[in-house]
Amino acid sequence: MPVEITWWGHATCTVEDSGVRVLTDPLFARRLAHLRRRRGELPPARATVADLVLVSHLHSDHLHLPSLARLAPGTRVLVPRGAPRSVPGLRRLGALDVTEMSPGEETTVGDLVVRAVRAEHDGRRLPVGPHLSPALGYVVTGEARTYFAGDTGLFDAMADEVGAVDVALLPVGGWGPFLGESHLDPGRAAEALARLAPRSAVPVHYGTYWPIGMDGVRPHEFHSPGDEFVRLAALRAPEVAVHRLRHGESVRPEVAR
């Protein structure tokens with residue numbers, strides 16, 4: 001069965017591989033604190049159906065407790081090591097099968113092997129809290145090798161630590177008008193693409209949430225990252241097929257056989 005990727009918005013995707021449904025950083029809210037969903041309908045109920053959930057780091061737009069609470073009892077959830085201690089509400093979701101991960105560790109779910117990899121990002125539960133948990137990316141290996149980057153900046157060892165992959169789900173923007181070095185903007189994401197050299201890529205983490213009352217502040221930072229990434233990727237990594245999806249749209253990317 002071909003690998004299929006669906007983008008629901010922000011960093012939330014479903015990756016279907018080898019009969020296993022993998023859900024990344026589920027966020028099913030219309031509003032989160034000072035953010036509101038400005039583009040794309042809320043994901044339908046079928047988006048909550050997953051065999052495995054990958055949580056990249058503890059920021060509330062990636063580890064969102066109300067969205068995790070919508071998962072079926074027994075769903076396997078991979079989180080950064082230390083997450084249950086840093087986020088007490090996670091411990092109260094006792095019906096979920098939570099596994100803590102550190103960079104380099106692997107686990108198996110069905111016919112998939114999932115490896116946690118380093119991300120260059122602040123992994124704390126903000127606005128307060130000690131730095132107890134690493135930010136992670138994940139490489140999911142089945143029919144394809146799919147890299148979900150979570151939130152990350154560029155770092156020198158990225159290609160070596162991630163390894164060879166077929167598909168890269170790369171963040172290309174954010175939820176506000178300013179991005180720090182611990183994020184990928186379209187230019188840095190295109191550079192990451194050139195280093196990783198996958199067969200296909202899907203831009204994520206843009207064009208979904210924006211701060212309330214800031215519609216007129218640098219609106220191009222909300223609307224343009226997807227198209228700008230496509231443009232820059234064509235220049236820096238022309239051999240990579242980039243799939244810019246609409247919210248709720250799916251793609252079956254080409255993978256090595």
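Helices here are DSSP runs of H or I with at least four residues, strands are runs of E with at least two, and both are numbered from the N terminus. The model is a predicted one, in which local features need pLDDT of at least 70 and side-chain atom pairs count only at pLDDT 80 or more, while totals for chains, interfaces and linings use all residues. Residues are numbered from 1 along each chain as its sequence is written, and side-chain values use heavy atoms, with hydrogens and water left out.

Helix α5 covers residues 186-196, and because eight of its eleven residues are buried, it is largely enclosed by the rest of the structure. Buried means under 20% relative accessible area, exposed means over 50%, and partly exposed lies in between (1.4 Å probe, protein chains only). The buried residues of α5 are Pro186, Gly187, Arg188, Ala189, Ala190, Ala192, Leu193 and Leu196. They pack against several elements, among them the strands β12 (145-148), β13 (167-171) and β14 (200-204). Helices α4 (158-162) and α7 (225-236) are also among these neighbours, as is β16 (241-242). A contact here means heavy atoms within 4.5 Å.

## The chain as a whole

With 257 residues, a compact globule would have a radius of gyration near 18 Å, and the chain's 17 Å agrees with that. This radius is taken over C-alpha atoms, and the globule rule is 2.2 Å times the number of residues to the power 0.38. Along its principal axes, the C-alpha trace spans about 50 × 45 × 35 Å.

Of the 257 residues, 54% count as buried. Among contacts with a separation of 6 or more, 66% come from residues 24 or more positions apart. The accessible surface comes to about 10,500 Å², and 51% of it belongs to carbon and sulfur atoms; these areas come from the Shrake-Rupley method with a 1.4 Å probe.

## A seven-stranded sheet

Which strands make up the open sheet, and in what order? Seven strands run in the order β8-β7-β6-β3-β2-β1-β17, with mixed pairing. Two strands count as paired if DSSP finds at least two bridges between them. At the edges are β8 (97-101) and β17 (250-251), each pairing on one side only.

Strand β1 (residues 4-9) has six of six residues buried, so it is largely enclosed by the rest of the structure. With β2 (residues 12-17), β1 pairs in the antiparallel sense over five bridges, and Trp7 has Cys13 as its bridge partner in β2. These two strands form a hairpin with two residues between them, where His10 in the turn has a positive phi of about 55°. β1 also pairs with β17, antiparallel over two bridges; here the bridge partner of Thr6 is Ser250. Elsewhere in the sheet, β6 (residues 52-54) and β7 (residues 76-80) pair in the parallel sense over three bridges, and Val53 is partnered by Val77 in β7.

What lies on each face of strand β9 (residues 106-109)? Thr107 and Val109 form the covered face, while Glu106 and Thr108 form the uncovered one. β9 pairs with β10 (residues 112-118) in the antiparallel sense over four bridges, and Leu112 in β10 is the bridge partner of Val109. Two residues lie between the strands of this hairpin, and Gly110 takes a positive phi near 60°.
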